[in-house]
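Open the model in your viewer and keep the selection panel at hand. The tour goes from the whole chain to single residues.

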Amino acid sequence: DAGVSSVRIATRRLKGLAEAERAVGAAFVVRSDSPYRTLRDLKDRTVFSSLPTAIDGWLAAARELRQQGFEPDHFFGFVGYRNNAYPDVLSALLNGSTDAAILPACLLEAVRMHGLVRAEDIRVINAKTGDLACAHSTALYPDLSLWSLSSAPETAVRDMTVALLGLRDASGYEWLTNVSHADVDGLLKDLEIGPYAY
């Protein structure tokens, strides 16, 4: 909301990542038997994604389209949004309800590891290489951040911050301060949303 003052306390980094700044992104995926090979091939096709406000879904995908010279809001013939990338979006792709899907980076590897999808059934379009071992088709952005409202008691915020920073062995991740969110700001600016909606 406009006028609400807040401060980012910490950002999550999954273990194994070199930088917390490049942790999440999205992958354009199609069924392996699909004739679509490039992003341009998906023009006027149907795509499903998770919620339209998800950075690791539609927003990262929209920025990638814009950076490649396409207008994201007029690129696909239809964009269907679902609550969850798995099972909703992935199921729609596999059962033929959509031509393509936008999935969070690393979701494909997770469902394959658990035997929920065979590796040969799905193909990634516009695959990138770099900081993330998982398949992705977009730039990468920071993971979850914890924020504090300016009205929160200072001592409570301090105690929460100390507790978070002490969780170094918690479930495969740690919390860090001083993580740049410049790429998120760039995404918002490129898509003319959030503080750049004017």
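The stops below cover the whole chain, then a disulfide, then one arginine.

This is a predicted model, in which local features need pLDDT of at least 70 and side-chain atom pairs count only at pLDDT 80 or more, while totals for chains, interfaces and linings use all residues. Residues are numbered from 1 along each chain as its sequence is written, and side-chain values use heavy atoms, with hydrogens and water left out.

**Stop 1: the whole chain**

The chain has 5 helices and 8 strands; helices (H or I, at least four residues) and strands (E, at least two) are DSSP runs, numbered from the N terminus. Followed from the N terminus, the order of elements is β-β-β-α-β-α-β-α-β-β-α-β-α.

Now colour by burial. Buried residues make up 39% of the 198 residues, where buried means under 20% relative accessible area, exposed over 50%, and partly exposed in between (1.4 Å probe, protein chains only).

**Stop 2: the disulfide**

How many disulfides does a search of the whole structure find? The search finds 1, a disulfide being a pair of cysteine sulfur atoms within 2.5 Å. Select cysteine 106 and cysteine 134: the disulfide joins them, with S to S 2.1 Å. Cysteine 106 lies in the loop between strand E5 (100-104) and helix H3 (107-113), and cysteine 134 in the loop between strand E6 (122-125) and strand E7 (145-149), so the pair ties together parts that are 28 residues apart in sequence.

Look along the S-S bond. The torsion about it is about 100°, so the disulfide is right-handed. Cysteine 106 is partly exposed at 24% relative accessibility, whereas cysteine 134 is buried at 16%.

**Stop 3: arginine 63**

Select helix H1 (residues 55-67), where arginine 63 has its place. Is arginine 63 buried or exposed? Arginine 63 counts as buried, because its relative accessibility is 10%. Next, show what surrounds this residue. Leaving aside neighbours within four places in sequence, arginine 63 is in contact (heavy atoms within 4.5 Å) with Tyr141, Asp183, Gly186, Leu187, Asp190 and Leu191.
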